[in-house]
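Subject: Handover of a structure, with notes

Dear colleague,

Please find below the structure that I am handing over to you. My notes on it follow directly after.

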Amino acid sequence: MLIKVKRGWETPESAATDEGVYLERRQLCKAIAAGPILLAGGAPAAALAAAAPKDDPTADLYPAPRNLRYRVDRPVTEEKFATIYNNFYEFGSHKRIAKAAQALKIRPWQVKIDGMVEKPMTIDFDTLIRKMPLEERVYRFRCVEAWSMTVPWSGFPLKALVDFAKPLASAKYLEMETLADKETMPGLRQFWYPWPYIEGLTVAEATNELAFIATGLYGKPIPRQNGAPLRLVVPWKYGFKNLKSIVRFSFTDKRPKTFWEVIQKREYGFWANINPKVDHPRWTQASERVLGTNDRVPTLLYNGYAEQVADLYKDIKGEKLFM
Ligand code: MTE
């Protein structure tokens, strides 16, 4: 049974959100631009954005060396915007989850690698990260609800993790899963969502040079609200593919049933590649609103990454590649 619920990120804010709330958000943005503000509950927004946790066991790894192959011809979004305007439904179905997300327990953090691999394993995140080649990349990021940002992620190519996992030749897909912890994630009480949050890529996509596992943001360990301690970044796909706080990487020969696809297949498909000419059934995808400045800019095919990824899809027929 499909339960129709209002989901905040499904439409551009001006269309999706009650106007009062929308205006309140705009005022929030203006206020942030003007100086430090208090989030609901009293936590200073700037503190959530800027705190570089000294007790983080990976703090010595940052800032990671920047890979200049990955840069963007747009200004980098200010950190305070990228870290207080989030989608993380496990902590609430609105944008201001940053404070609630501080409850996420990120240590110890075990990562399972299983399914069609030579040898399934569970590995501690702090051990895993020190086996991976860390670097910083500046990528564009485009949400399906038509806002965008440009941010410096630190982390490692997903291909390095795939090589480490040693999948069998018969594995076709990589399925990934977010933590689902009822103790710390109030969103899990919204029983109509198909928790845990699952996402998937083909193995060819997962080993594309752009597919990235982010462990850091703005030269520091990644904040909880952005998906600590590790999250996916696939910049040519809509934001909802970029799952956060990953606990499992599983190789399979069956296409994963992804979180939003299970809820509304017609609107949020498995592929979700960005294309300004393919509208969402309920709004245009031709342009996007830049977080922080609110400028409207044209959206680019594959979010500007066609050169790196278009070949992945040239032999795929009869699929909704852009939905
Ligand atoms: N991952 C989990 N586990 N839960 C979520 O609700 N939201 C997705 C994605 N990853 C989401 C998630 C959506 S819709 C977007 S646009 C991005 O996270 C937002 O990432 P950001 O908050 O770092 O900007």
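How many nonpolar, polar and charged residues are in the lining of the second largest pocket? The lining of this pocket has 7 charged residues, 5 nonpolar ones and 1 polar one. Please bear in mind throughout that the model is predicted.

The second largest pocket holds about 260 Å³ of space. It is lined by 13 residues, and those closest to its centre are R255, E261, K265, G269 and F270.

I turn next to the cavities. The structure holds 4 cavities of 30 Å³ or more. In the largest cavity there is about 280 Å³ of space. Its lining is made up of 21 residues, with N87, R231, G239, N242 and K244 nearest the centre. Sorted by class, the lining of the largest cavity comprises 12 nonpolar, 6 polar and 3 charged residues.

Where does the ligand sit? The ligand is located in the largest cavity. Around the ligand there are 19 residues, of which Y89, E90, N226, N242 and K244 come nearest. The shell that these residues form divides into 10 nonpolar, 6 polar and 3 charged residues.

On its own, the ligand has 540 Å² of accessible area, and the protein covers 100% of it. Two of the residues in these contacts, N242 and K244, are also listed among those nearest the centre of the largest cavity.

Finally, some notes on the backbone. Which residues does a cis peptide bond join, with omega at about -10 degrees? These are R107 and P108. P108 belongs to the loop between α4 (79–82) and β1 (110–115). Another cis peptide bond joins W195 and P196, where omega is about 0 degrees. P196 is part of the loop that runs between β5 (173–178) and β6 (198–202).

The loop between α6 (158–165) and β5 contains K166. Phi of K166 has a positive value, near 50 degrees, in a residue that is not glycine.

With kind regards

Definitions and conventions. Residues numbered from 1 in each chain as written. Predicted model: local features only at pLDDT ≥ 70, side-chain atom pairs only at ≥ 80, totals over all residues. Heavy atoms only, no water. 1 Å grid on protein atoms, 1.4 Å probe; cavity = no way out; pocket = protein on both sides within 12 Å on 5 of 7 lines; lining within 4 Å. Points joined across faces, edges and corners; volume = space filled by probe spheres on them. Nonpolar A, V, L, I, M, F, W, Y, C, P; charged D, E, K, R; others polar. Near = heavy atom within 4 Å. Areas by Shrake-Rupley, 256 points an atom, 1.4 Å probe, with all protein chains shown as cover. Sits in = over half its atoms within 2 Å of the grid points. Helix = DSSP H or I, 4+ residues; strand = E, 2+ residues; numbered from the N terminus.
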